[in-house]
Amino acid sequence: MPVKGFTNNGLNTPRIVLLRKRIVLGVLILLFLMACNPSQAASPDSISSPTPRETALVEPVDAPTDQISFPTLLPTVTPLPAVTPSSTSMPVPEFRNSIVFVSDRDGNKEIYRVDVDGSDFFRLTENIEDDSSPQWSFDKTRILFLSSTGTSNHLYTINPDGSEMVNLTPGAVGFNQCEWSPNSYQIACISIREVTGGNGLVLVDPDSGGTETAFTAEGRILDIAWSPEGEKIALATEDVDGIMVYNLADDSLEEYELGDGFAQSVAWSHNGNRLAYSFGPRDPEIFATLYTVKTDFVSPKRWIEEGGPEWVISFSPNDEHVLLESSRLGHIEIFFFNLEASELIQLTNTEEAEGNASSANGFPVYSADGTRIVYVSIQEGQSDIFVMDSDGTRQRNLTEHPAVDAEPDW
């Protein structure tokens, strides 16, 4: 029997009807899925690539203190922190470019300080007595100097800013040379013994002012030099035909004979391997000149065969040169001797000074890095502090004053 409302035209057979139902059901399921996921409903032809957009940076605003602020995800440029010395690095001395010297420009000899470029000129002392021989401590935090009271020189220390001047030797003892230890707060001095005419080696504690006589000589002690580790002191003295060495560790004194004569000045190399000294016979007609010897004190070597006399001042910081004063030209000039090339190099030449006793160059002192030398130049009767490069170039007057400026230390 035909169903009401349907015409049996061959499309309403049970098989066709079932197929239709399945198709309708599939379409309904597809429509449901498209409704749940619209992106899949878009036709491939309708998908377009996103256009890049410039995003403006948003200026930060102060977050309320009662809220938590979170870091932005945008990268920020952070400046590198300043490099600070580690606890193991050596501090750079504040006064590494400062030179101390003596001047009588204010009526008597006082101690002054000036930077190597001529700036920061500063008077350190203001005493009735004459002050002399200023010298920096190894770390450039203190300065020692001698101050005369009548016939004696007494040892003082002072800070680089002029504060805390201390008389370390208020008693009757006097000194004519004092040297800081190269690595500690110890001072060695040559004492003056007015009664016998001899000298003593005296150790001074710059904190307590305590003094200890390490050695007493019958004749004159002419020069002293610390070993680089601060454990020994070499002495040039008239008492022996060579050099004496005092050992602080065991309070012992050794004599080393180095020939027929005596040492007039002495310097210890910075590596501690050898000494340089000015040595000559006791015959005043024969000049003293440069010698070196290793610390076993065997086989001393003479470096200069003719001319002289030469006075040893110091080794260069790299130990390649020995700094000298020499009067071989008839007046004192500054030289260095190149030990590797075995060559004597003249560094200063006072213009028109030959035969003029009032013209001279002396008191040379290396800078800590060995690149420059400070010294005294006397020209036309005027004594000034000069600085030059260690090869003798770029000589320049640092003080340029009609007063007597002398005894620099760097």
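Colleague: Which residue in E19 is the bridge partner of Tyr-291?

Modeller: In this predicted model, Tyr-291 has Arg-302 of E19 as its bridge partner.

Colleague: What makes E18 and strand E19 (residues 301–302) a pair?

Modeller: Pairing requires at least two bridges between the strands. Two bridges join E18 to E19, and the strands run antiparallel; they are therefore counted as paired.

Colleague: Why is strand E18 (residues 289–294) called mostly covered?

Modeller: Five of its six residues are buried, which means under 20% relative accessible area for each of those five.

Colleague: What makes strand E4 (131–136) and strand E7 (166–167) edge strands?

Modeller: The open sheet has four strands in the order E4-E5-E6-E7, with antiparallel pairing. E4 and E7 each pair on one side only. Strand E5 (residues 143–149) and strand E6 (residues 152–158) pair over seven bridges, and Thr-149 has Ser-152 in E6 as its bridge partner.

Colleague: Why is Glu-212 called partly exposed?

Modeller: Its relative accessible area is 45%; buried would require under 20% and exposed over 50%, so Glu-212 falls in between. Glu-212 is found in strand E11 (residues 211–216) and belongs to a surface patch of negative charge, with Asp-250 and Asp-251 also among its members. Strand E15 (residues 252–257) contributes the largest share of that patch, three residues.

Definitions and conventions. Residues numbered from 1 in each chain as written. Predicted model: local features only at pLDDT ≥ 70, side-chain atom pairs only at ≥ 80, totals over all residues. Heavy atoms only, no water. Patch = residues over 30% accessible without salt bridge, like charges linked within 9 Å, V, L, I, M, F, W, Y side chains within 5 Å. Areas by Shrake-Rupley, 256 points an atom, 1.4 Å probe, with all protein chains shown as cover. Salt bridge = Lys/Arg side-chain N within 4 Å of Asp/Glu carboxyl O. Lys, Arg positive; Asp, Glu negative; His and termini not counted. Charge placed at Lys NZ, Arg CZ, Asp CG, Glu CD. Buried < 20%, exposed > 50% of the residue type's maximum accessible area, 1.4 Å probe, protein only.
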